[in-house]
Amino acid sequence: MTVSEERSKKSHAGEHTTAGPPAGSLRSVLRFDLPASFVVFLVAVPLSLGIAAASGAPLIAGLIAAVVGGILGGLISGAPLQVAGPAAGLTVIVAGLVAQFGWAATAAITVGAGLVQILLGLSRVGRLALSLSPAVVHGMLAGIGVTIAIGQLHVMLGGANQGSVLTNLIELPGQIIGLHPGALLVGALTIAVMVLWPKLPRVNVVPAPLIAVGAGTAVAAGFQLDLARVSLPSDIINEVVLPQLPSGPVLAIIGGVLTVALVASVESLLSAVAVDKLHDGPRANLDKELVAQGVANTVSGALGGLPVTGVIVRSSTNVAAGAKSRWSTILHGLWMLLAVLLLASVLRQIPMAALAAVLIVIGVRLVSVAHMKQLWRHREMVVYAATLLGVIAFGLVEGVLVGLAVALVRAFYRLTHSTVDVANEDGRWYVGVRGSLVFLGAGRLVRELRAIPLRESVVLELHVDFMDHGVFEAINDWRIGYERTGGQVRVDEVLDSWYHRAIGGRPARRKSVRPNVPPRWFAPWSHWQQTEPLDVELPAQAQNSDHLIAGIRAFEKHAAPLVRPFLSDLAEHGQKPQQLFITCSDSRVLPNLFTSSGPGDQFSLRNVGNLVPGFGEDASVGSAIEYAVDVLGVREIVVCGHSDCGAMKAVLAQSVTGPSALHDWLRYAEPSLLRLAATVGEDAELPANERLCLANIGQQLENLLSYPNVAAAVAAGKVRLVGMYFEISSAKVFLLDADRRALRDITV
């Protein structure tokens, strides 16, 4: 069969579409990135100044870092939507360096840290951040959100952020009693605009934070409220301090360089991974991002600026404001530069309460209830909660380390923990083992096995996702010893074939063990039941259906508990399949197996030859198509043929004659014969019945378009038609290419 890579590429062209103009285009920059850059700029100004003041550095150092991180970092960043600048996580470290070496020497240490980061990025260690558990990342985001919201609540009430979350909570009652009514009015209005603006039709093109800050500033000016506003020094340029080589113990200097480099790198990578979870745009190149942060730190330190990192507060604000490309970050840095030079008087009019309110809304949104529900279902809430509380109590890096420690402990527990259930039913012993089997758990398993009385019939059911060699040896040695005493042992693997694969890879010590037995859910009855008698005697009338009864019993015992939650949800909310899957009745064709689909994924229609009679010719097929498209709203209709199709052989040989129901049905395949005749000479290496199968798939796709509802849905882009071919002997699936004449290997 033919495989055309060129046609494959053409068939994929234009499949990825996004709402609005492409990211990075002029229209996208003007519509999304430009407004978002203003929002980030407004948030970055007070943060940069506050971090500089808290670090004991000149205020201009914070603005320099923001400008360099925005413009230079944005230009070469590997995480386009991440915003770099001075970060609160480095405040304590920088303050200590300033106290020990002075500010000029600290700037030089920042240059050295940047060079170290460049080396780390070039060595490609940044990708290690992708190994972080999602529970840790979401817990980090939630912890940052809580920290931001509680700290900025004081500012919105007319006070000041007290530092740690605990201190802010302790001081909050007093702050509420002594609140500033004007600040509360501006803050409440800003929050209301932030929440309600996106709900208004046709106006949310302008980001809500920009409108909210504008409204808060206007109210403060209109009522002439006496509020704290953005504070900028009057002579900001003359405060620049250029770096000087530090003097002091060499080890202390090297330690300072490495500390700044490592903490800044960790914060940047954590922020980049977290930002990726906030948007659907391009994923971050973490190694490139680390190099970009190193370059920005080198330049920032050389100009007398603070260390630069990727900052989650500004980055999440950037995403929330609708940014689509790196231009938002670059423009925000440009606005910072222009503001320092030209717009200081305008920025001084913005109330701090308005900026605090914006940050409160952003912080609250970082605590995602949807993520909590997902993590609860996957039993990851302990890791999430540990990270959240760690970030709140100790800080960003420390909190992440706490979360990682808890995640590693849980992973180790899951790896070493397995359940062993032993029961005696109807004169047979059943031993059910679930989990992961490693050598650390072998002792307990063997103790349970040795407690079974001798010369009994034992079924060892392994529901395991991993088995190491130590456990295999323990089980196999016990089995051999038990059978030597006159007992009978059957090893039944449900999920995978760890035990039997190990037997197949070494000389079998007992002929009763079948090597390379596939797990029962992927094997026909004849494989996994041929040497396994039924658990109970069947009545005489059921003897001929023993395979079916055994299969049902196995389903109810093993699979039903796993699939029951999905079926229960489908029973409550109804089916919402994405596909109408039309295929042959051949018993060897199992769509759920080779499409890895489960309950509720596919609306299936099976008949002899996967035929689709034209509109109005067959009520059964027509009603299924009508229901799938008009009622269920499927997005795809798949016609799947297969190799060695008996229906195609019969049509080609005209071996089925009338009058018979089968003869009448196969007449619907006659247009496929005509289609085959029109392709004489193509794919000559294929047998005629396989070429007819290809022609038949293409013909049935065309027949589908004779249905008015299908044609209308395809024309509107609501439904697409897909041709598929399943080669039974190789268990391989191919797609029919665009002109419906050749097959395309989907793995190419």
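Tutor: Of the contacts in the chain between residues at least 6 apart in sequence, 73% join residues at least 24 apart; contact means heavy atoms within 4.5 Å. The model is predicted, so local features need pLDDT of at least 70 and side-chain atom pairs count only at pLDDT 80 or more, while totals for chains, interfaces and linings use all residues. Residues are numbered from 1 along each chain as its sequence is written, and side-chain values use heavy atoms, with hydrogens and water left out.

The chain has 30 helices and 12 strands, both being DSSP runs numbered from the N terminus (helices are H or I with at least four residues, strands are E with at least two). Of its 748 residues, 49% count as buried. Buried means under 20% relative accessible area, exposed means over 50%, and partly exposed lies in between (1.4 Å probe, protein chains only). The accessible surface of the chain is about 35600 Å², and 62% of that belongs to carbon and sulfur atoms. Accessible areas come from the Shrake-Rupley method with a 1.4 Å probe, and for residues only the protein chains shown count as cover.

Now the salt bridges. Side chains of opposite charge can pair when their charged atoms come close. The cut-off used here is a side-chain nitrogen of Lys or Arg within 4 Å of a carboxyl oxygen of Asp or Glu. By that rule, a search of the whole structure finds seven salt bridges.

Take R720 and E636, whose closest N and O atoms are 2.6 Å apart. R720 counts as partly exposed because its relative accessibility is 45%, whereas E636, at 16%, counts as buried.

E483 and R479 make a salt bridge with closest N and O atoms 3.3 Å apart. They are four residues apart in helix 20 (residues 469–484), which means that about one helical turn separates them. E483 is buried at a relative accessible area of 12%, and R479 is buried at 3%.

For R667 and D664, the closest N and O atoms of the salt bridge are 3.8 Å apart. R667 is partly exposed, with 45% relative accessible area, and D664 is partly exposed, with 37%. Elsewhere, D586, R588, D644 and K649 are joined in a network of salt bridges.

K288, in helix 11 (residues 286–302), is partly exposed at 41% relative accessibility. K288 touches I76, S77 and G78, leaving aside residues up to four places away in sequence.

Two packed helices are described by the angle between their axes and the distance between the axes. The axes of helix 6 (residues 134–156) and helix 10 (residues 250–276) come within 10 Å and cross at roughly 95 degrees. That angle makes helix 6 roughly perpendicular to helix 10. V137, M140 and L141 of helix 6 make the contact with L270, V273 and A274 of helix 10. Axes are lines fitted to C-alpha atoms, for helices over the stretch in contact, and angles run from 0 to 180 degrees between N-to-C directions. Under 35 degrees counts as roughly parallel, over 145 as roughly antiparallel, 65 to 115 as roughly perpendicular, and the rest as oblique.

On the surface, L334, L337, L338, L341, L342, L343 and V346 form a nonpolar patch with about 590 Å² of accessible area together. Patches take residues with over 30% relative accessible area and no salt bridge; like charges are joined within 9 Å, and nonpolar side chains (Val, Leu, Ile, Met, Phe, Trp, Tyr) within 5 Å. Helix 13 (residues 327–341) gives the largest share, four residues. L343 sits in the loop between helix 13 and helix 14 (344–347) and is partly exposed at 39% relative accessibility.

Two loop residues remain. Q654 is not a glycine but has a positive phi of about 50 degrees; its place is the loop between helix 26 (646–653) and helix 27 (661–666). Q654 is exposed, at 62% relative accessible area. A731, likewise a residue other than glycine, has a positive phi near 50 degrees. A731 lies in the loop between strand 10 and strand 11 (732–736) and is exposed at 58%.
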